[in-house]
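Work through the two exercises below with the model open. Try each task before reading its solution.

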Amino acid sequence: MLSNEDLQSQVEALFGADILHSEINFDILSIEVAADKIHSIIAQLQNDEMLRFEFLTLLGGVHYPEQVDREFAVVYHLHSWKHKIRVRLKAFLPLSNPSIDSITDLYPCANWMERETYDFYGITFANHPDLRRILNEDSMDYFPLRKEYALEDATREDKDDRFFGRF
Amino acid sequence: MSKEKEKVSNSAAEFYNSKETIDGDIATINFGPTHPATHGIFQNILKVDGEKIISSEQTVGYIHRAFEKLAERRPYNQITPITDRLNYCSSPINNLGWHMTVEKLIQAEIPKRVDYMRVIIMELARIADHLICDSVVGVDTGALTSFFYPFQEREKIYELYEEICGARLTTNIGRIGGFERDFTPVFHTKLKSFLKTFPKAFSEWDSMLARNRIFMDRTRGTGPISPERALAYGFTGPNLRAAGVDYDVRVMHPYSSYEDFDFIIPVGVNGDTYDRFMVRQEEIRQSIRIIEQAYGNLPEGNYKADVPDFYLPDKADVYNNMEALIYHFKIVMGEMEIPRGEIYHSVEGGNGELGYYLISDGGRTPYRLQFRRPCFIYYQAYPEMITGQTISDAVITLSSMNVIAGELDA
């Protein structure tokens, strides 16, 4: 068993300045890295004899419209079964060019998760074998999980009841 | 050779080693989206040479309902009904997994009794889930009788759900912090009788398939996957264990006091349809063991945690007690004070690791909620598993993988 603190010091020793920020958030170590380093860092974490983060648990996007030039985050959860520990990696991308390297060559299961992230956030993954929409229809021309597409506000009062069959 | 055919052969060359073509022509077949053998809305565009599959391409998303977007608009307690509709064969696991995620965020201390009650319900749900999946494998191999038998038992499990929460399929079971009421006397009676009668009924059903020559011939070697490929494709749950990897969230990251129970994680060898079937059958037996242990040692105590900010108070208190009235109002209006934070929590769902990645910015709704939907991730391996197999093999491979359309498409 490896504790989060041990993992934090090991990862910091391994990558040094490539780690922009790291913190232990509840039961998981969260690391922020530069977007152009993500592929090499994940490859190292995967192949490191000691750490062996061989399982990709989850990959997804987050939209922070207020953060200038850091509007999008791609979040990776890796799992090391050897040490029974997970790690979270984050890379921030600007709205002007939301593009990051694909990790499908490292983890084939990233394929659909990256397609889903593209589908909902418009984040493109370089070197992805087949980057198309997956859950939404192909003709859709926007990225629905971005924050500018708000769902209807449950507390609004300006609804006209006549349109809802309530007179 | 026509141009179309040439194109297909080239793209499929690495998969398709056989030199002979059966009828000399490659056909395209739409297997799904509404096909009686897919048990859900899946489309597979198969390229077949006679009966043999050369390549296949999946289309998913037919019942996409934007759960992750909806979750960003809903207070935490209103997200539970969304989770029902992920893997609807085992909704209670999804519900309770979500409650545990929120409890982790608000750092609620959960009484032991709640943990044990949850374990009982989650294992019942696992049994119901596996019963459906395995009986469907039976149907697809032509054994319709083996489909009807387990439905009697599943019905009993659904009656148990009904006793707890009043619903059967989309259960919305429990609350953040525990349950809305303790197990009722009827529940105790029904659970005792279930524990008594189920193992016998189960073995009877199991004996129809498990060592049945026809069933074994039909399922062994069908849709196999190696442990390496299964890992690469993000397999979890019974499908991964059938390939021989003993990863189970209940053991690796115990939640809800799973560490208190003695049970075995069955693993397979070949990762084929038969192994997936057998792993599920054994898991049903182990689930019964867990339920017996949890029910036998059900601790005394409260059926809910002491988290008045998040747990809806009793109706009598709401009418008589100012504080309870305030909490009631705040919870119903979704004005609970949720701390900031980022959480990943996962539970062992019916078909794999069901995870919740939750970002809270302190608002009334999650800032972002992402579900780790196990079958969305492992269904990617399907084309690789059925290439070189026959169409009827593709059918039983799909049903033995326990791909649930609701979870796949979110």
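Two exercises follow, on a predicted model.

**Exercise 1. Helix packing**

Determine how helix α5 (residues 112-140) and helix α17 (residues 391-400) of chain B are oriented to each other, and which residues meet.

*Solution*

1. Start with the axes. They come within 8 Å and cross at roughly 170°.
2. Apply the cut-off. Angles over 145 degrees count as roughly antiparallel. α5(B) and α17(B) are therefore roughly antiparallel to each other.
3. List the contacts. α5(B) contributes C133(B), V136(B), V137(B) and D140(B). α17(B) answers with V395(B), I396(B), S399(B) and S400(B).
4. Sort by class. The contact of α5(B) with α17(B) has five nonpolar, two polar and one charged residues.

**Exercise 2. The interface of chain B and chain A**

Describe the interface of chain B and chain A by its residues, buried area and polar links.

*Solution*

1. Count residues. Chain B gives 46 and chain A gives 45.
2. Take the area. The two chains bury about 3,900 Å² between them. Carbon and sulfur atoms carry 60% of it.
3. Find the main contributors on chain B. K69(B), R73(B) and Y367(B) supply 17% of the area that chain B buries against chain A, more than any other three residues.
4. Look for charge pairs. Seven salt bridges cross the interface. One of them joins E72(B) to K147(A), with the closest N and O atoms 3.1 Å apart.
5. Locate the contact on chain B. Strand β4 (residues 340-348) of chain B supplies the largest share of this side, six residues.
6. Finish with classes. The side of chain B that touches chain A has 21 nonpolar, eleven polar and 14 charged residues.

Notes: Residues numbered from 1 in each chain as written. Chains lettered and ligands numbered in written order. Predicted model: local features only at pLDDT ≥ 70, side-chain atom pairs only at ≥ 80, totals over all residues. Heavy atoms only, no water. Axes fitted to C-alpha atoms, helices over the stretch in contact; angles between N-to-C directions. Helix = DSSP H or I, 4+ residues; strand = E, 2+ residues; numbered from the N terminus. Parallel < 35°, antiparallel > 145°, perpendicular 65-115°, else oblique. Contact = heavy atoms within 4.5 Å. Nonpolar A, V, L, I, M, F, W, Y, C, P; charged D, E, K, R; others polar. Buried area = accessible area lost by both parts, 1.4 Å probe. Salt bridge = Lys/Arg side-chain N within 4 Å of Asp/Glu carboxyl O. Polar contact = N/O pair within 3.5 Å; in protein donor to acceptor, adjacent residues only side chain to side chain.
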